[in-house]
Amino acid sequence: MKVTLDEEKCCAAGQCVLAAPDVFDQDDDGIVVLLDAAPPAEQYAAVHEAAQLCPAAAIVVHAQED
Amino acid sequence: MTPPVTTDVPDSAAEEDAPFFPAPRTCPFSAPRQYTEFREAGGLHKVAIWDGSRHWLATRHEDIRAVLASPHFSADVRRPEFPLVHSNQREHEGGLFLRLDDPEHARLRKMLTHEFSVRKTRAMSDQLLAVTDELIDAMLAAGGPVDFVKEFALPLPSRAICVILGVPYEDHELFQRHADAGTDLSIPHEERARAHAEAFAYYSELVERKRREPADDMISRLIADHTGPDGFSPEQLPVLVNILVGAGHETTANMLGLGTTALLLNPDQRELLRTRPELAPSAAEEMLRYWGIVSTDPRRVATEDVEIGGQSVRKGEAVIVSLVAGNRDPLAFGPDADEVDIARNARGHVAFGFGTHQCLGQNLARVEMQVAWPRLFARIPDLRLAVDVDALPFKTNSIVYGLESLPVTW
Ligand code: HEM
Ligand code: SF4
């Protein structure tokens, strides 16, 4: 799995940090920061949930061959 | 001519094919029955509002998210087609950041997000816990029965937002009155205008004071960093602060009252939270979902022809969404969506809206509930209602659902 962000879209709601705190954080202005662009398998569910919950569609999850 | 009271059901407005919106919650613990039926039928349905105009209503979780995430809908109350929530809305809120569209809305919102990130709001936990303890101490010292709304649910979020913004808490009766006038739909136009003018005067003076004597608070930081041509205009700052104070305390206060009620009426859930306080975050999400307290909003106007839930919405038509109907959608939350289950994953609820206008203060509201409930039930394990459920005074005609008072004892 590979994760990319569109920071321009982020509205700083923080849903991603609540859903997947090991993968996402917020900077001082509340804008999303990627902690792990290639998270391990045990994070997949949380990352998908974060992408689904993000109100601004700022998180893109790419499937990737291992 | 006296402008209409926004909630009187006008004889002419509502007809068979377009029932009056907002419908009352048939039972205090459910979504309005009509909206449940709309949701089961699927698609969008026409409703009529206080001024006689007709709009689409979305009730499915999926349709609500689609409307609120779409770039083809506008939140700008200055548009002539916008379905105003009451007769003062355009005048009171027109041009405010939350009633603008991106990119202007996003640009201004980013000047406020700093204060409400997950980390910033979590850092307030200890402070909130201290206030929680103080309020519980006072309740215990007074002895039951007490009004939980007045003694706990209102002061906790009021004190929190006062600390963040730098508003003196001593003035809480004043700003609580302003907030009530902004959300209570049964008051006449002039009365709401008077309250708004009074609030504007109060916050103008406060902003002036902060300009002279800056402190370590959000108002002072906004003045220093975000006023002027690229930020908030001097006339807008007092209105913005008023909105933040109102949204910052009243919504969470209603959630604390309603959520406590739901926990008192579901002893197994309250026992679960008491024995497993680590469920507090999940319990807060479930309460947000279950109550879906914002009853009349969000509202949007289509800026293009779009299709939502199989219904074509023409450019210039408006869609209102029923958050509580969406939060009880079995397609999103399962067949037991009408039950309270603090252990379920309720994070997908739309109680804070969706899209780029999703609640700015959501993480503050979360922390307040997460701190309050475990402590409350740990310290007063035999807390109970002091009146019959049937006697609880639910707000029946307000933008935000809640309880006028909540008599409890122990
Ligand atoms: C449980 C408590 C709360 C609930 C249920 C709630 C609900 C909502 C909802 C549904 C919206 C979306 C409105 C729309 O899309 O038109 C919203 C927006 C907003 N809320 Fe909250 N809210 C809560 C607490 C707070 C707090 C504590 C603040 C403190 C500052 C706050 C400030 C705001 C602001 C400023 C907006 C507008 C955001 C924008 O348009 O970008 N809310 N809230
Ligand atoms: S959930 Fe989306 S909008 Fe919210 S902080 Fe994360 S990326 Fe930004």
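Donors to a metal are N, O and S atoms within 2.8 Å of it (3.2 Å for Na, K and Ca), and sites may look incomplete because water is not among the atoms. The views below come from a predicted model, in which local features need pLDDT of at least 70 and side-chain atom pairs count only at pLDDT 80 or more, while totals for chains, interfaces and linings use all residues. Residues are numbered from 1 along each chain as its sequence is written, chains are lettered from A and ligands numbered from 1 in the order in which they are written, and side-chain values use heavy atoms, with hydrogens and water left out.

**View 1. The iron atom of ligand 1 and its donor from the protein.** Start with B:Cys359, whose SG atom is the single protein donor to the iron, 2.3 Å away. Helices here are DSSP runs of H or I with at least four residues, strands are runs of E with at least two, and both are numbered from the N terminus.

**View 2. The shell around ligand 1.** By class, the shell has 16 nonpolar residues (Ala, Val, Leu, Ile, Met, Phe, Trp, Tyr, Cys and Pro), two charged ones (Asp, Glu, Lys and Arg) and eight polar ones (the others, Gly among them).

**View 3. Polar side chains at the oxygen atoms of ligand 1.** An N or O atom in the side chain of B:His105 is 2.6 Å from a ligand oxygen. For B:His357 the distance from a polar side-chain atom to a ligand oxygen is 2.7 Å, and for B:Arg300 it is 2.8 Å. Helix H4 (104-109) and helix H12 (236-265) of chain B are the elements that give two or more residues to the shell. H12(B) gives the most, with six residues.

**View 4. An open sheet of three strands in chain B.** The order is E4-E10-E9, with antiparallel pairing (strands pair if DSSP finds at least two bridges between them). Strand E4 (146-147) and strand E9 (384-385) stand at the edges with a single partner strand each, so one side of each has no neighbour in the sheet. Two bridges join E9(B) to strand E10 (residues 407-409), and B:Arg384 has B:Thr409 in E10(B) as its bridge partner.

How values were computed. A residue is near a molecule or strand if one of its heavy atoms lies within 4 Å of it. A polar contact is a pair of N or O atoms within 3.5 Å; within protein, one must be able to donate a hydrogen and the other to accept it, and residues adjacent in sequence count only if both atoms are side-chain atoms.
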